[in-house]
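Me: I would like to learn how to read the sheets and helices of a model with care. Could you take me through one, giving the general idea before each case?

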Amino acid sequence: MLYLNGVTKSFDGFKAINNLSLVIQKGEMRAIIGPNGAGKTTMMDIITGKTRPDKGEVFFAGDVDLTHHDEAAIASMGIGRKFQKPTVFESHTVEDNIRLSLAGPRSVLGALVHRKDRAERDRIETILETTRLTARRKTYAANLSHGQKQWLEIGMLLAQDPELLLVDEPVAGMTDAETEETARLLREIAQHHSVVVVEHDMHFVRALGVKVTCLHEGSVLSEGTLDKVSNDPKVIEVYLGR
Ligand code: ADP
């Protein structure tokens, strides 16, 4: 699904990403961990075309070379990103937020007027269920809890039907119960999509139960199960040495 091959990116001579190679299989969910400054955000920026690498290549869905495409083109190829801070339409209901995000060119007015389309309704129902928001469908997004806003934004991403979802620290600021529910929600989503999750919360990463990649100084420091990675002396040194 995604292949980074020897990617390097410097800012003012400092290598934020240093000869990074990474493979995410189709249908895989991967957790990316690493201390502050490890290069996690820059890696996501490179995948989505927000930042261009100095060296190396990024391939999507086999042989689609993303390296020279811009952000809009990459998004339209099926890569969706959720940033840490939710950006929902506060003055619209949960349901309308999802409707407004459905794939395909449409105007805001058109999306709200053509609310009777059957396939579209089914799609919205499925997304509401997946994101645990069915009972909140008529709630204005402004009135959701922080956790529910995060789920809504994940739903808005799903509405665009991406093959690969990039999710940045989804449980920051969530309660323990919301964190657990988010792990279940992402595991469900990963049955139909490939997912890359950047996360600091190790309880959450454990609940995801997926392969982990630990970045440090822009490269892969350790990779494998969470147990293997968290017991890796190189990882322990990097976390405890700070
Ligand atoms: P992480 O997300 O793992 O905390 P980042 O990708 O944000 O790490 O940052 C990696 C390194 O690159 C950091 O040292 C950061 O200061 C630097 N960096 C990131 N973006 C820029 C930028 N636009 N200009 C200068 N330095 C940057």
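Reply: Let us begin with pairing: two strands pair if DSSP finds at least two bridges between them, and strands (E, at least two residues) and helices (H or I, at least four residues) are DSSP runs numbered from the N terminus. In this structure, leucine 2 stands opposite isoleucine 24 in E2. This is a predicted model, in which local features need pLDDT of at least 70 and side-chain atom pairs count only at pLDDT 80 or more, while totals for chains, interfaces and linings use all residues. Residues are numbered from 1 along each chain as its sequence is written.

Me: Which strand does E1 pair with, and in which sense?

Reply: Strand E1 (residues 2-11) pairs with E2 in the antiparallel sense, over seven bridges, and leucine 4 has leucine 22 in E2 as its bridge partner. The hairpin of E1 and E2 has two residues between the strands, and aspartate 12 takes a positive phi near 50° there. These strands belong to an open sheet of four, in the order E2-E1-E4-E5 with antiparallel pairing, whose edges are strand E2 (14-24) and strand E5 (64-65), each paired on one side only.

Me: What is the order of the six strands in the other open sheet?

Reply: The six strands run in the order E6-E7-E8-E3-E9-E10, with mixed pairing; strand E6 (79-82) and strand E10 (219-224) are the edges, each pairing on one side only. For angles, axes are lines fitted to C-alpha atoms, for helices over the stretch in contact, and the values run from 0 to 180 degrees between N-to-C directions. The twist here averages 20° from one strand to the next. Within this sheet, strand E3 (residues 29-33) and strand E9 (residues 211-216) pair in the parallel sense over four bridges, and isoleucine 32 stands opposite threonine 213 in E9.

Me: Which strands does helix H1 touch?

Reply: Contact means that the C-beta atoms of two residues, placed from the backbone, lie within 7 Å. Helix H1 (residues 40-47) packs on the six-stranded sheet, touching E3, E6, strand E7 (164-168), strand E8 (194-198) and E9, with its direction at about 150° to that of E7. H1 also lies across E1, E2 and strand E4 (55-60), running at about 65° to E2.

Me: Which element gives the most to the shell around the ligand?

Reply: A residue is near a molecule if its C-beta atom, placed from the backbone, lies within 6 Å of it. The residues around the ligand include Phe11, Gly34, Lys40, Thr41 and Thr42, and H1 gives the most to this shell, with three residues.

Me: How is the packing of two helices described?

Reply: Two packed helices are described by the angle between their axes and the distance between the axes. The axes of helix H3 (residues 94-101) and helix H6 (residues 146-159) come within 7 Å and cross at roughly 30°. H3 and H6 are therefore roughly parallel to each other, a label for angles under 35 degrees, whereas those over 145 are roughly antiparallel, 65 to 115 roughly perpendicular and the rest oblique. Their contact is made by Val94, Asn97, Ile98 and Ser101 of H3 and Leu152, Gly155, Met156 and Ala159 of H6.

Me: How do H3 and H5 lie to each other, roughly parallel or oblique?

Reply: The axes of H3 and helix H5 (residues 118-130) come within 10 Å and cross at roughly 120°, so the two helices are oblique to each other. Here Glu95, Ile98 and Arg99 of H3 meet Ile124, Ile127 and Leu128 of H5.
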